[in-house]
Amino acid sequence: LNLQVIDWQKAAGLIGQFILVLRVVLYVAIFIIFLVALVIINNSMVMATLERVGEIGTMRAIGAQRGFIIKLFLIEIVVLGVIAGAVGSLLGYSIITWLGSVGIPAPSPEITFLFSGPKLYPTIGIEHIVTGMLVVFFVTLISTLYPARIASRIEPIVAMQGKE
């Protein structure tokens with residue numbers, strides 16, 4: 001027999017290339033979503049830092065070093081990031097498990113072809129949950145570095161002056 005071993009994308013031809021394009025589009029969309037999340041978290045932390053200028057100035061006046069202020073902010077956001085990541089992972093796992101049992105119906109023949117059947121039954125693995133948690137952890141950590149730096153540079157005398 002004249003048999004040849006090829007991967008599924010070559011065997012699928014144009015459909016295999018279409019799946020590759022869909023995967024690239026998905027990764028680009030996920031990257032954009034994480035950039036937006038990074039900016040939103042960063043903005044929230046900058047606002048929280050500016051609202052706590054007096055408290056940070058008081059801590060600095062009684063002897064808190066810049067490194068302590070940075071560690072304080074990083075620990076705060078890591079705890080919040082881990083809690084939010086855990087809640088999001090649990091919610092996502094629950095939804096995917098439920099959808100895996102009932103299926104997502106295909107509304108058109110094109111989607112039926114893409115799903116390879118009338119319903120799509122999604123699955124989730126532990127590696128997806130761990131990856132999601134790590135990404136949430138690093139995005140929150142990176143987005144907090146700038147606000148933590150701002151907080152560590154607050155001078156006690158300026159911070160303790162009356163609010164205008």
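## Exercises on a predicted model

Ile-56 is found in helix H3; helices (H or I, at least four residues) and strands (E, at least two) are DSSP runs, numbered from the N terminus. The model is predicted, so local features need pLDDT of at least 70 and side-chain atom pairs count only at pLDDT 80 or more, while totals for chains, interfaces and linings use all residues. Residues are numbered from 1 along each chain as its sequence is written, and side-chain values use heavy atoms, with hydrogens and water left out.

**Exercise 1.** Find the salt bridges and state which parts of the chain the Arg-52 pair ties together.

*Solution.* 
- Step 1: Side chains of opposite charge can pair when their charged atoms come close. The criterion is a side-chain nitrogen of Lys or Arg within 4 Å of a carboxyl oxygen of Asp or Glu.
- Step 2: The structure holds two such salt bridges.
- Step 3: In one, the closest N and O atoms of Arg-52 and Glu-76 are 3.1 Å apart. Arg-52 lies in the loop between H2 and helix H3 (53-61) and Glu-76 in helix H4, so this pair ties together parts that are 24 residues apart in sequence.
- Step 4: Arg-52 is partly exposed at 27% relative accessibility, and Glu-76 is partly exposed with a relative accessible area of 27%.
- Step 5: In the other, Glu-155 pairs with Arg-66, with closest N and O atoms 3.2 Å apart. Glu-155 lies in the loop between H6 and helix H7 (156-159) and Arg-66 in helix H4, so parts 89 residues apart in sequence are tied together.

**Exercise 2.** Describe the lining of the second largest pocket and name the element that gives the most to it.

*Solution.* 
- Step 1: On a 1 Å grid over the protein atoms alone, a pocket is an open set of points where a 1.4 Å probe fits, with protein on both sides within 12 Å along at least five of seven lines; lining residues have an atom within 4 Å of a point.
- Step 2: The volume is about 340 Å³, counted as the space filled by probe spheres set on the points, which are joined across faces, edges and corners.
- Step 3: Among the lining residues are Ile-19, Arg-23, Tyr-27, Phe-34 and Val-139.
- Step 4: H2 and H6 each supply at least two lining residues, and H2 gives the most, with ten.
- Step 5: Ala, Val, Leu, Ile, Met, Phe, Trp, Tyr, Cys and Pro count as nonpolar, Asp, Glu, Lys and Arg as charged, and the others, Gly among them, as polar. By this rule the lining has eleven nonpolar residues, no polar and one charged.

**Exercise 3.** Locate Ser-116 and describe its phi angle and exposure.

*Solution.* 
- Step 1: Ser-116 sits in the loop between helix H5 (109-115) and strand S2 (119-120).
- Step 2: Phi of Ser-116 is near 65°, a positive value in a residue other than glycine.
- Step 3: With 71% relative accessibility, Ser-116 counts as exposed.

Technical notes: Buried means under 20% relative accessible area, exposed over 50%, partly exposed in between (1.4 Å probe, protein chains only).
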